[in-house]
Amino acid sequence: MPLTEPYDDHLPQEDPVGGDGAAGVPDSSDTPGDSGGEPAVEPEPTLPEPVRQRIVALTAAVLPTLPADEVPVPLRRVAKFAPNRRARLGAPAIAAQLTADPLFRQRVTARVLADAGDLGAAVVEGTAPAAADPVEVAALAYLARPRGWRELIDASGAAVRAEADSAVVAELVREAEQRATRAEHDRAVARVEAEKLRDELARVREELGQLREESRQLARTLRETQARERKATELLATERGRAARASADVDAELRRARARLAEAEAAAGVARASAKEARSVDDARLWLLLETIGQAAVGLRRELALDPVDKLPADFVADAFAEQPGAAPAGPAARARDTDDPARLDQLLALPRAHLVVDGYNVTKRGFGEMSLEQQRKRLITGLGGIAAQTGDEVTVVFDGAERMHGLPPAPRGVRVLFSRKGETADELIRRLVRAEPAGRPVVVISSDREVADGVRRHGAYPLGADSLLRRLARS
């Protein structure tokens, strides 16, 4: 953005640097055109872009150092910007204010010249060192405006243009050199590719000769194959005739086999009919026997006037021990050494209307003695619930205890949980349960206590060791 406003050095000037005259050097254009007229007004020069950017950067750098009352109103907001944003965002306002406000320009010039040092002093005197940056000289000359400042700006513009032209020429030379290098590289690559193509052509010609030779060999092979195919066709026709005759023989044999199969099926049908008739006679005899037994049982029930019962024998024993028993764990008892085979237990539980009676602590202390009593009871009762669900048998588990345990989970379906009352043991309660059962009903007692096993055996029960139940539970 060129700073182009009418030349205003004819306006009254103030000394911004304290009277040293550095920034107040009169412009050569201040000379009046004649002794009685106004000074000549010249337009501001068009600045090269690097010079304009440097002027804006110098002004933006000194803006925050000016007193607030010396900063023009349009630039007060710009002065508060960050340093890296001040020159970039405030460039239009700074350029306009430098052109329109000579007093502001002089204040900025004083601080810029003070920062520039010897270079600023040389520019104020109208000279510039030969080694100085022409852009810097032109920017200082524009701000200070000594005599001949326009020539300094023109010289800077010429130097900038010369540098730009030199850079363009250097870039063109570099591009030409690069193009020459690429052309030389392309020529070398082309020579290499041409050599490769010549080698490839020679190889292709050699392969073509080989292919022609292979083609001739393939033609001979094809003729031989065709001859063998004709022979094979003749052999195939001969074999087809033989196969047709063999197929006819097989069909005849199949018809004979089917005839024999039909005769065998007829004989099997006669045998099945005879077997069915014999089985019908056996079924009739068996039905008559069962009907006779059923009618005899009905007549006996009618003669004895037996009413249906709601309770089982073990329920009466359980009612007799319904008081609150206490938790007194039984001491160690002698282990019964009866059979511990779970298969024997399965056989007994498979009997109709079997009753399983379990000595609770005798089993739990043998199988899970590392648990608390509560956990032992819970685990055993849960396992017995699974057995009751699988077999449909009646299951009763008996624990020693002076009073009923509190907080027991509800017993599973088909499992009865009893506690011996105070002063009695679970062994005595188990013997009472066995004596309460009718003769002939299968009662299985699980206990490794020999005394318990001997006692229940005298009353017709089947005693088994605790290990048989533990293995049965582990299997489940």
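**Close-up views of a predicted model**

Arginine 353, at 58% relative accessibility, counts as exposed. The model is predicted: local features require pLDDT of at least 70 and side-chain atom pairs count only at pLDDT 80 or more, while totals for chains, interfaces and linings use all residues. Residues are numbered from 1 along each chain as its sequence is written, and side-chain values use heavy atoms, with hydrogens and water left out.

View A. Arginine 353 belongs to the loop between helix H10 (342–349) and S1. Helices (H or I, at least four residues) and strands (E, at least two) are DSSP runs, numbered from the N terminus. Although arginine 353 is not a glycine, its phi is positive, at about 60°. The exposed class assigned to arginine 353 requires over 50% relative accessible area; buried means under 20%, and partly exposed lies in between (1.4 Å probe, protein chains only).

**View B. Strand S1 and its parallel partners.** Strand S1 covers residues 355–359. Because 5 of its 5 residues are buried, S1 is largely enclosed by the rest of the structure. One side of S1 carries His355, Val357 and Asp359, the other Leu356 and Val358, and all of these residues are buried. In a regular strand, side chains alternate between the two faces of the sheet. S1 runs parallel to strand S2 (residues 394–399), to which 5 bridges join it; strands pair if DSSP finds at least two bridges between them. S1 also pairs with S4 in the parallel sense, over 4 bridges. Valine 357 takes part in both pairings, standing opposite threonine 396 in S2 and opposite valine 445 in S4. Histidine 355 faces valine 443 in S4.

View C. Isoleucine 446 has leucine 464 in S5 as its bridge partner.

**View D. Salt bridges around arginine 441.** Across the whole structure, 21 salt bridges are found, each defined as a side-chain nitrogen of Lys or Arg within 4 Å of a carboxyl oxygen of Asp or Glu. Arginine 441 and glutamate 437 form one of them, at 2.8 Å from N to O, and both residues are buried. A network of salt bridges links Glu437 and Arg441 with Glu394 and Arg416. Glutamate 424 is joined to arginine 421 by a salt bridge whose closest N and O atoms are 2.9 Å apart; arginine 421 is partly exposed, at 25% relative accessibility.

View E. In the salt bridge between arginine 216 and glutamate 213, the closest N and O atoms are 2.3 Å apart. The two residues are 3 residues apart in helix H8, a separation of about one helical turn. An α-helix has 3.6 residues a turn, so residues three or four places apart point the same way. Arginine 216 is partly exposed at 45% relative accessibility, as is glutamate 213 with a relative accessible area of 32%. Helix H8 (residues 149–304) also contains isoleucine 293. Together with Leu286, Leu289 and Leu290, Ile293 forms a nonpolar surface patch of about 400 Å² accessible area.  Patch residues have over 30% relative accessible area and no salt bridge; like charges are joined within 9 Å and nonpolar side chains (Val, Leu, Ile, Met, Phe, Trp, Tyr) within 5 Å, with areas from the Shrake-Rupley method and a 1.4 Å probe, counting only the protein chains shown as cover for residues.

**View F. Helix H7 and leucine 143.** Helix H7 (residues 134–144) includes leucine 143, and 11 of the 11 residues of H7 are buried. Among the buried residues are Glu136 and Tyr142. Leucine 143 is buried at 4% relative accessibility. Arginine 145 follows H7 and has a positive phi, near 55°.

View G. Ring pairs link Tyr361, Phe399 and Phe419 into a cluster. The structure holds 2 aromatic pairs; rings of Phe, Tyr and Trp (its six-membered ring) pair if their centres lie within 6.5 Å, and planes under 30 degrees apart count as stacked, over 60 as edge-to-face and the rest as tilted. The charged end of lysine 365 sits over the ring of tyrosine 361, 5.6 Å from its centre; this contact requires NZ of Lys or CZ of Arg within 6 Å of the ring centre and within 35 degrees of the ring normal.
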